[in-house]
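Let's walk through a two-chain model together, one question at a time. Have the viewer open and follow along.

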Amino acid sequence: MVQFVKALRAGGMRVSLAESAEAFQATELMGIQDRESFRLGLRSTLVKQVSDFPRFETLFDLFFGGGPAPAFENALDDLSAADAQRLAEAWQQINQELRERLERILAGAPLSPQELEQMAGRVGLGHANDLRYQAYLAERMGRILRFRELEEALEELLRLLAEMGMAQARLAQLADRYGANVRSWRQQLLHFSGLRIAENMGEDRRPESREAILHKPFSAISDRDMEQLRREVRRLAAILRTRIALRQKRAKNGHLDAKSTLRTNLKHGTVPIEIRHRDHQLKPKLVVLCDVSTSMRSCSELMLSFLHSLQDQIRKTHLFAYIDHLEFISPDLTARDPRLAVEGVLARMPSGYYNTDLGASLENFAGRFLDTVDSRTTFLVVGDGRNNYNDPRLDLFDLISRRSHRSLWLTPEPPALWSTGDSDMNRYQPLCHRVLVAGNLTELSSAVDHLLAGR
Amino acid sequence: MDRTGEFLSPQQTIEALGSQRYIAGTGIATVVYLSQQLGKPLLAEGPAGVGKTELAKAIAGATGRELIRLQCYEGLDETKALYEWEYAKQLLYTQLLRDKLEKTLAKSKTLGESADRLAAEEDVFFSMRFLLQRPLLRAILSQNPSVLLIDEIDRADAEFEAFLLEVLSDFQVSIPELGTLSAVHRPIVVLTSNNTRELSEALKRRCLYLFINYPTLEQELAVVHLKVPELSPLLARQAVELVQRLRTLDLRKSPSISETIDWARALVALNAEHLDSQTVETTLNVLLKHESDLERARHRVGLTLPPNRPLGQGAGNLPPPPA
């Protein structure tokens, strides 16, 4: 169970010491006789989020034996005396090593732990720590056992036995049993490799230099890093949320709230010693346009995750994605994981040979969605400002910017690059209230903080 | 169920909850049982209307405990959740007891002595008599064992969660004037959340987690049969199948089990015999509460129901009857 908890942690679930202690207590109460109760007991104490349920199920099956054990049948049990004689003679003619193994398969003996260990060593299972390699490594171990040669040897054996006069039905039965036992061996291998990988995952030290990944520029991020970044976003969003909420609470600066003042001052005999103000509705309304072309994809996705996590701090968001035209994506984002939402959007607008065209997207926006921007909205564009020499439609941008309360631009490129190539940043910059540069996750989180701070 | 009102095993929990007309699966029963045995609060998450609050009520009924409910909302703070002094009452008593006060202080000569005298009587004015107990304090001080339901904790803010952690860990409150008050009986705590935002990790760690999802066909049928027994089994099955199909559509708000029960009652009230497109048309707004959802549902589902007009004239793609 300790290994199991370690593997859960390695997979990204945060299981505390107290929770694992509770898991042990729960196991004591539920007992280990009934697999289902055991599983439910562990699940209630260890998993605290719906999104972690699938991972829990996979690892539970690996560690605590999902499904029935592979079935082995002994094919040599019920041979008649004559058949046994023939078999003994036929054995002589087959290669020694193969013969032993074939005999074992036919007899229905499972692979022994020592053999499994040995094969694991040869295949490098000791270093594997990714569940995606489970099938591949099981296959490689299978190759060590030389299943193909065993098949040939079996055919040879059957041929010999047929020559010696064994009944056809008997031979067919032998072949069937062989097939079934080989499948069971393969299952054993798969299970073993999965178990070993999960254990390795637990043993693995946590990926160090979390600081480094927070400062890695978006252009240099691999898929694996993205996984980590998504987790970081959740953590950072939690920190931001408390900060933003506190800021809003402290910043009450509206009119005097008479009812609340009186109530608070009852203990002072209704002498207004403490004054209470009615607070302005400080939560911003946002309209966000995200560039989802390949260069900007990771930055946009992380930005959307932030907004998704912080949506209780924002009064109303309208989210749009654009490459060469505009798509309204708020409905995609409301319930689901941001990554799935972005993937869904990208399925609708595949990038690649499309060139980013902010001008056309702004035209779409002005044509259909201009009413979402009013004097209390913050208008945000997430993009690098590179329009592939298309018309930047500065006039539309100016129109929208003046209509909104505040307009912000979020770019991953530093100011030095704003005049290079096809970048129109220099022309957009005077039209917006502020340009925020966010090249890595730390900067992105401070940009989000700033975004939700001011009025 | 033994007299002390404890659950003895997950199986027995299912029966006990069933006696309160709440159908629970093994998952729910296990978590409820563990929550009681380990003494940990229970965090129930899930879409709106699947029966999280009902679960707390059923637990209260099954264990014979009183249900104390705290409904959370943004801006909920300590005074509204824990306790408050009844200032008005204190002032009133002061006025009414003024004569007695004079007599008590009559014999003292200096101001200091009067103040000391008064301080000795302080606990008259700062006693339990003038303490307005809010749900949390009521749960702590309750003489009988109770079930504390903290409803929709995700609507409260982060500060309230931190405050709640403190209360839930020790079940004791220190009121400056009265001292520390500890719980006589530890209540069973049930927290519910609609998953609108993520709760803080510290709170989640302290609780056992239960996710209640939309029920399966069989489960929903069983619930409808239990709660609305007047509905004919055939109609119930048709209705539940329709609701299950509606859930597969991409709606803004999928109908939950409580809406299914309401719809079943509506069908009973309308004396419907079978599900045809007109009945569904008129009662669909019991199930779906958004206009866009209604449109989509009518479009997708309405076409597949038999019309109540004679064949050949109704809406839908039914072929004309063979000649």
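The questions below concern a predicted model, and they go from the chains to the sheet, the cores and the interface.

Q: What percentage of the residues of chain A count as buried?
A: A residue is buried here if 20 or more other C-beta atoms lie within 10 Å of its own. By that cut-off, buried residues make up 31% of the 323 residues in chain B. For the 455 residues of chain A, the value is 33%.

Q: Which strands of chain B stand at the edges of the five-stranded open sheet?
A: The sheet is parallel and runs in the order β2-β5-β8-β1-β9, with a twist that averages 20 degrees from one strand to the next. An edge strand has a single partner, so one side of it is left without a neighbour in the sheet. In chain B that describes β2 (66–71) and β9.

Q: Which residue stands opposite Leu42(B) in β8(B)?
A: Strands β1 (residues 42–45) and β8 (residues 188–193) of chain B pair in the parallel sense over four bridges. Within β8(B), the residue facing Leu42(B) is Val190(B).

Q: Which residues touch the most other members of the largest nonpolar core?
A: Nonpolar side chains tend to be buried together in soluble globular proteins. Here the largest such core holds 99 residues, and helix α10 (residues 168–203) of chain A gives the most to it, with seven residues. Val190(B) touches, among others, Leu55(B), Ala56(B) and Val147(B). The residues that touch the most other members are Leu42(B), Ile59(B), Val190(B), Leu191(B) and Leu210(B).

Q: How many residues are in the other core, with Trp409(A) among them?
A: This core lies apart from the largest one. Its members include Ile244(A), Leu286(A) and Leu319(A) as well as Trp409(A), and its size is 55 residues.

Q: Which element gives the most to the side of chain B that touches chain A?
A: In total, 25 residues of chain B are in contact with 24 residues of chain A. By class, the chain B side has twelve nonpolar, five polar and eight charged residues. Elements supplying at least two residues each are α2 (26–38), α5 (87–96), α11 (201–206) and β9 (208–211). With seven residues, the one that gives the most is α2(B).

Q: At about what angle does α2(B) run to β9(B)?
A: Helix α2(B) lies across β1, β8 and β9 of chain B. Relative to β9(B), the angle is about 160 degrees.

How values were computed
Residues are numbered from 1 along each chain as its sequence is written. Chains are lettered from A and ligands numbered from 1 in the order in which they are written. This is a predicted model: local features need pLDDT of at least 70, side-chain atom pairs count only at pLDDT 80 or more; totals for chains, interfaces and linings use all residues. Two residues are in contact if their C-beta atoms, placed from the backbone, lie within 7 Å. Ala, Val, Leu, Ile, Met, Phe, Trp, Tyr, Cys and Pro count as nonpolar, Asp, Glu, Lys and Arg as charged, and the others, Gly among them, as polar. A residue is buried if 20 or more other C-beta atoms lie within 10 Å of its own, exposed if 12 or fewer, and partly exposed in between; C-beta atoms are placed from the backbone. A nonpolar core is a set of buried Ala, Val, Leu, Ile, Met, Phe, Trp, Tyr and Cys residues joined through C-beta atoms within 7 Å. Two strands pair if DSSP finds at least two bridges between them. Axes are lines fitted to C-alpha atoms, for helices over the stretch in contact, and angles run from 0 to 180 degrees between N-to-C directions. Lists of a residue's contacts leave out its neighbours within four places in sequence.
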